[in-house]
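Here are a few notes to read alongside the model.

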Amino acid sequence: MMNATALIAEDEPLLAANLQAELARLWPELRIVASVGDGASALQQGLTLQPDLLFLDIRMPGMSGLDAAQALAEDWPDSGRPLPLVVFVTAYDEYALRAFERAALDYVLKPVQTERLAKTCARLQAALQAREQPQAAEAGLAPMIDQLRALFGVAGQGVPGTSGPADAATASAPLRMIQASAGNTITMVPVGEVLYFEAADKYVRVITAEREHLIRTSLRELLQQLDSQQFWQIHRGTVVRADAIASASRDESGKLTLSLRDHAAKLSVSRLYAEQFKGM
Amino acid sequence: MPTYRVVFSWLWRELRITVLVSLAATFLFGPFSDSTFVPNLIYTFTVALCIQALIEAGRYGLSASFMRRGAAPLSGMSPESVAVQRAWPGWGLMVPWIAMSAVVGYLGGHTLGDLLTGTHHAPLGILLNFQSLLPSLLPTFALAIGCTYFFYARGRLAATEAQAQAARRTAVENQLRLLVSQLEPHMLFNTLANLRVLIGQDPQRAQAMLDHLNGFLRATLDASRSDSHALSAEFARIGDYLELMQVRMGPRLTGTLDLPDELSSLPVPPLLLQPLVENAIKHGLEPSVAGGRIEVAARRDAQGLLLSVRDTGVGLGAVATHGSRFGMQQVRERLAALYGSAASLELTTPDDGLGGALAVVRIPVV
C-alpha cells in the first residue's frame with residue numbers, strides 16, 4: 001500500500017504531466033512507473049510493469065483506453081499480481097460514463113478537479129488495502145473481471161462491445177452472407193459455413209472448414225451485424241459460431257480451450273468470456 | 001386546444017360565411033323575386049346553408065378518402081399543416097361536386113325554407129318557369145363556386161405558410177447541428193483541461209491559448225450569421241483552431257498555412273474549411289500514434305479558387321465514420337447552395353507516398 005505503483009496513459013502531454021503532478025501532491029507515496037501516450041503502449045507497459053493502478057484516457061490514438069483495459073484483463077498472467085485497479089479519465093463521453101456507472105468503475109472527468117481526484121485517490125487507497133486482506137487475495141482476479149464484464153456488457157451470450165452509440169443501433173437484420181474480395185473476385189460465404197472469425201490488424205480472417213478469407217473490416221463492426229445467438233465472442237479477437245464448437249476443456253491452470261467440429265484449430269477463451277461455458 | 005373548442009371555432013367560422021353569403025344573395029337577387037325581404041333572407045339562408053354543408057362535406061370527405069389511398073403526408077410538416085393540405089381533393093373532383101351540391105342544396109334549402117316560412121313555393125315548379133329559373137340557379141352556381149374558391153385559396157395560403165415554417169425550422173435545425181458539430185464537447189472540454197493546466201504552469205501561454213479559443217468560438221458563433229468573409233479571416237480562424245490543437249497534441253501535430261497575399265481578400269463562406277480541417281485531425285492525425293502534418297493552402301487557377309486541406313494521418317481506408325461523412329456532406333451542401341455545380345469538393349488519397357488524405361474545394365471567383 002505504501003509503495004503503490006501506477007501507470008498513466010494520456011495522449012495529451014500537458015494533461016499527462018498535470019495528472020502526474022496532481023497525483024504526486026495528493027498521494028506522495030504513489031510511484032508513477034510509466035506515462036504513455038497511446039493504448040497499445042499502455043497495454044504493453046501495463047503487462048510488463050504490472051502496476052497497482054491504471055489511469056486510462058479513453059480517446060487515444062491506435063487503441064482506446066477501453067480496448068486497452070479489456071486486452072489487459074484478457075492477457076494478464078494468472079500467476080502474477082492482481083489486476084490493476086482502473087480509473088478512466090475522459091473529457092466527454094456520455095455512453096462510456098453510463099457504462100462506468102453500471103460497472104461501478106471509477107472515472108475522472110477532464111478538466112480534472114483536485115477535490116474529485118482526491119476522492120478517487122482515497123477510494124483507491126481503501127480498495128488496495130482491502131485487497132491485502134487474506135480472503136480478498138483468495139478471490140484473485142474475480143472482482144475486477146466482474147467489473148470489466150459489466151463494463152463491456154458481457155452477460156451470458158450477449159454480444160459484447162465497448163460502449164458507444166453503435167451498440168444502441170445494432171443492425172436490424174443479421175448478416176447472412178460474407179462478401180470476401182480477393183483480387184477481382186468476390187467470394188460469397190454464407191455465415192452458416194463460417195467456423196470462426198479472427199481479428200488480424202485491420203482485417204478479419206474468416207475461417208470455414210475448407211479455406212479462409214480476409215475481409216476488410218473490424219471485428220467490432222462485424223459483430224454488430226451478426227446474430228448474437230449464433231455467434232459468440234470468446235476473446236477480443238475471436239468470434240466463433242456456436243454450432244461449430246465441439247467441446248470446451250479446461251487445463252490445470254483454469255484456461256479454457258475450444259475444439260471445433262470440422263477444424264483442427266484450438267481456440268482459447270479469454271477469462272472475460274469464460275463464464276458462458278458451464279456444464280448444464 | 002380541447003376538441004370541442006376546435007369544432008366550435010370551425011362551426012362559427014362556417015356560419016359567419018353562410019350568413020354573409022345569404023345577406024349578399026338576398027340583396028342581389030331580391031329584385032328578381034316577388035317576395036319580401038324576410039322570406040327571401042330565409043330562403044337564401046337555408047339554400048346557402050345546404051349548399052355549403054354539401055360542399056364542405058365533399059371537400060373533407062373526398063380528400064380524406066383520397067389521402068388514405070394516396071401518398072403519405074410530407075415529412076417535416078406539422079399535423080395541422082397536413083390537415084390543411086388534405087382538405088382539398090383537387091378541382092377535377094370538386095367542380096362536379098359543386099354542381100351537384102348547388103342543385104341538391106338548392107332544392108333541399110328550398111324545402112327547408114318552405115318548412116320554416118310555412119308556405120309552399122314548389123321548387124320544381126320553378127323548373128317549368130324558365131323566366132325565374134335562370135335568375136335563381138345561375139347566381140346559386142356562381143355563389144357556390146365563389147364560396148369554394150374562397151376556401152380553396154384560404155387552404156392554399158395556410159399550406160404555403162406551413163411549408164415556409166417547416167423550411168425555416170429545418171434551416172434552424174441545420175444551423176444548430178452545425179454549431180453543435182463545431183463546438184464538439186470532447187474538443188471543448190479537452191481544450192479547457194489544457195487551459196486549466198497552463199494557467200498554473202505558464203500563464204502567458206495560457207493567455208495566448210485563451211485568445212485562440214476566443215477567436216475560434218466567436219468565429220463559430222458568427223459564421224451562422226454572415227454570408228462571407230475574407231480568405232485571410234478564414235485562414236486566421238483555422239490558425240486559431242490549429243493552435244488549440246497544437247497545445248493539445250504537442251509534437252504530434254505540425255500545421256502549416258499557405259495563403260498567397262494576392263488571394264487574401266477574396267470572399268469565402270465563413271468557416272467553409274473548418275469541417276475539413278477538423279476531419280483531417282480527428283480521423284487522420286488523432287488516431288495516428290506518431291501524429292503528422294496538416295497543410296492548408298489556397299491557390300488560384302483559370303477556373304477559380306482552389307482550397308486544399310492535406311494531412312499525413314492514417315488515411316481514408318481506415319474507417320469512413322459517421323462524423324467524417326457528416327462533415328463532408330455539410331461542406332458539399334453549403335457549396336451546392338451557394339454556387340450550384342460551379343463548386344466542388346473532392347476527397348482523395350494523395351499520390352506522393354506520404355499517405356493521409358487530401359480534400360480540395362474548388363469555388364468560382366466572382
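1. A definition to start with: a crossing is left-handed if the near helix is turned anticlockwise from the far one by less than a right angle, and right-handed if clockwise. Helices (H or I, at least four residues) and strands (E, at least two) are DSSP runs, numbered from the N terminus. The model is predicted: local features need pLDDT of at least 70, side-chain atom pairs count only at pLDDT 80 or more, and totals for chains, interfaces and linings use all residues. Residues are numbered from 1 along each chain as its sequence is written, while chains are lettered from A and ligands numbered from 1 in the order in which they are written.

2. Have a look at helix α7 (residues 185-201) and helix α8 (residues 203-223) of chain B, whose axes come within 7 Å and cross at roughly 155° (axes are lines fitted to C-alpha atoms, for helices over the stretch in contact, and angles run from 0 to 180 degrees between N-to-C directions). That makes α7(B) roughly antiparallel to α8(B), a term for angles over 145 degrees. The crossing of α7(B) past α8(B) is left-handed. On the α7(B) side, the contact uses B:Thr191, B:Leu195, B:Leu198 and B:Ile199; α8(B) brings residues including B:Pro203, B:Met209 and B:Leu213. Contact here means C-beta atoms, placed from the backbone, within 7 Å.

3. Chain B as a whole has eleven helices and seven strands. Of its 366 residues, 32% are buried, that is, with 20 or more other C-beta atoms within 10 Å of their own, the C-beta atoms being placed from the backbone. Among contacts in chain B with a separation of 6 or more, 74% join residues 24 or more positions apart.

4. Now the core. The largest nonpolar core holds 106 residues, and A:Phe55, A:Leu56 and B:Val277 touch the most other members. Such a core is a set of buried Ala, Val, Leu, Ile, Met, Phe, Trp, Tyr and Cys residues joined through C-beta atoms within 7 Å. Helix α9 (residues 231-249) of chain B gives this core its largest share, nine residues. Leaving out residues up to four places away in sequence, B:Val277 touches B:Ile238, B:Tyr241, B:Ile294, B:Val296 and B:Val309.

5. Between the chains, 14 residues of chain A are in contact with 18 residues of chain B.

6. Finally, in helix α7 (residues 142-151) of chain A, the buried residues include A:Met144, A:Ile145 and A:Leu148. The cover over the buried residues of α7(A) includes α3 (65-75) and α4 (94-103) of chain A.

Key. Angles under 35 degrees count as roughly parallel, over 145 as roughly antiparallel, 65 to 115 as roughly perpendicular and the rest as oblique. Two residues are in contact if their C-beta atoms, placed from the backbone, lie within 7 Å. A residue is buried if 20 or more other C-beta atoms lie within 10 Å of its own, exposed if 12 or fewer, and partly exposed in between; C-beta atoms are placed from the backbone.
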